Amino acid sequence: MLTPSLICPVRNCACRLELGPWGARCERGHCFDRARSGYVNLLQPQDRRSSTPGDSRAAVRARQRVLDGGLASVLRRVLLQAVGDCRGKMAGSEVSGLSSVLDVGCGCGYFLAAVCREFAAEGWGVDLSSAAVDAAARRYPDCRWLVVNADRSLPFADAGFDLLLTITSRKNPAEFRRVLRPGGRLIAVVSGEEDLAELRERILGEALAVDRVAGTVELFRGMFDLENEYLARDRLFLERPALADLLISSYRGARRRPQEKLARIDAMEVTLSHRLLMFRLAEGTTYK
Ligand SMILES: C[S@@+](CC[C@H](N)C(=O)[O-])C[C@H]1O[C@@H](n2cnc3c(N)ncnc32)[C@H](O)[C@@H]1O
């Protein structure tokens, strides 16, 4: 079983990075320390636009409370079903099983850890937020966690992963194609049109029904073909703290809106809805 190889993110280097207990180092001597919690920060100065890029610590904590509170249990179940289907489709292809999974924009690691536990796969999580990756590394030391700007490039050698996940997160089609093994699969999770619609309407004054499926299929067109689609939908009656956490951790726009409207809601029923899109590399596509 081949394991994914890391490559040095320093501009014009791209040597193989050796990962050890101390951190990561390439043969040209570029070094990246391992944080106490276990993650390695590979961000280069050109990769960041602020001193604390990606989700803030407050957003990460809100997301953790949402996940710990079981609010994503339906999404988790459907994701595991989709990954099981991927594994079934891979059997007999160039990829004979599910040994390595990369989660792009992994946040606090909840979904990657669940997938790796269920399928005994090697998990790699990358995120731009060091607060998110720190939280992931503390809680799930069995996976590998890196701070990376996935909009630029992924610090991995070609064709190292059997499965890529992007869960309401970043999508970099060219890099996804490059690091996915022939026969591998990509699962992109996007918010459904009715996700938190009741709450968005009350707080933001409107609940735009955005079809993210069509946009995602279009984004990957020519590189990935849509193979299957799943819906994860739930209706929950939630009190104000959980509603606030959901808004903060899901909708960037909502973070800046006044909190007064939320303060007037004690509890309400909300819809949680996500679409899971399973893709395979487009016919005739190779990673080169
Ligand atoms: C809505 S959160 C989803 C997190 C996680 N996938 C989950 O479902 O719990 C989006 C994540 O994308 C990360 N992110 C934003 N820009 C990024 C980038 N350029 N590269 C990698 N991650 C990024 C954020 O820090 C955040 O953790």
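How many helices and strands does the protein chain have? The protein chain has nine helices and twelve strands; helices (H or I, at least four residues) and strands (E, at least two) are DSSP runs, numbered from the N terminus. Its radius of gyration is 19 Å, close to the 19 Å from the globule rule for 288 residues, so the chain is as compact as a globular protein of that length. Here the radius is taken over C-alpha atoms, and the globule rule is 2.2 Å times the number of residues to the power 0.38.

A word on the ground rules: this is a predicted model, in which local features need pLDDT of at least 70 and side-chain atom pairs count only at pLDDT 80 or more, while totals for chains, interfaces and linings use all residues. Residues are numbered from 1 along each chain as its sequence is written, and side-chain values use heavy atoms, with hydrogens and water left out.

**Overall build**

Along the principal axes, the C-alpha atoms fill a box of roughly 60 × 40 × 30 Å. Of the 288 residues, 52% are buried, where buried means under 20% relative accessible area, exposed over 50%, and partly exposed in between (1.4 Å probe, protein chains only). Among contacts with a separation of 6 or more, 66% join residues 24 or more positions apart; a contact means heavy atoms within 4.5 Å. The chain exposes about 13700 Å², and carbon and sulfur atoms supply 45% of that area (Shrake-Rupley method, 1.4 Å probe; for residues, only the protein chains shown count as cover).

**Around strand S9**

Strand S9 spans residues 161–167, and seven of its seven residues are buried. What lies beside S9? Strand S6 (residues 100–104) pairs with S9 in the parallel sense over three bridges, with Val101 opposite Leu163. Strand S10 (residues 180–191) also runs parallel to S9, joined by six bridges, and here Thr166 faces Ala188. Two strands pair if DSSP finds at least two bridges between them.

S9, helix H5 (residues 173–179) and S10 make a right-handed β-α-β unit: with the strands pointing away from the viewer, the path from the first strand over the helix to the second runs clockwise.

**Two residues with positive phi**

Most residues other than glycine have a negative phi. Thr168, in the loop between S9 and H5, has a positive phi of about 40° and is partly exposed at 39% relative accessible area. Ala120 sits in the loop between helix H3 (110–119) and strand S7 (122–127); its phi is near 50°, and at 70% relative accessibility Ala120 is exposed.

**An aromatic cluster**

Rings of Phe, Tyr and Trp (its six-membered ring) pair if their centres lie within 6.5 Å; planes under 30 degrees apart count as stacked, over 60 as edge-to-face and the rest as tilted.

| Pair | Centre to centre | Angle between planes | Class |
|---|---|---|---|
| Phe176 and Phe220 | 6.1 Å | 25° | stacked |
| Phe220 and Phe279 | 5.1 Å | 50° | tilted |

Phe176 is buried at 0% relative accessibility, as are Phe220 at 0% and Phe279 at 0%. Together with Phe224, these residues form one aromatic cluster.
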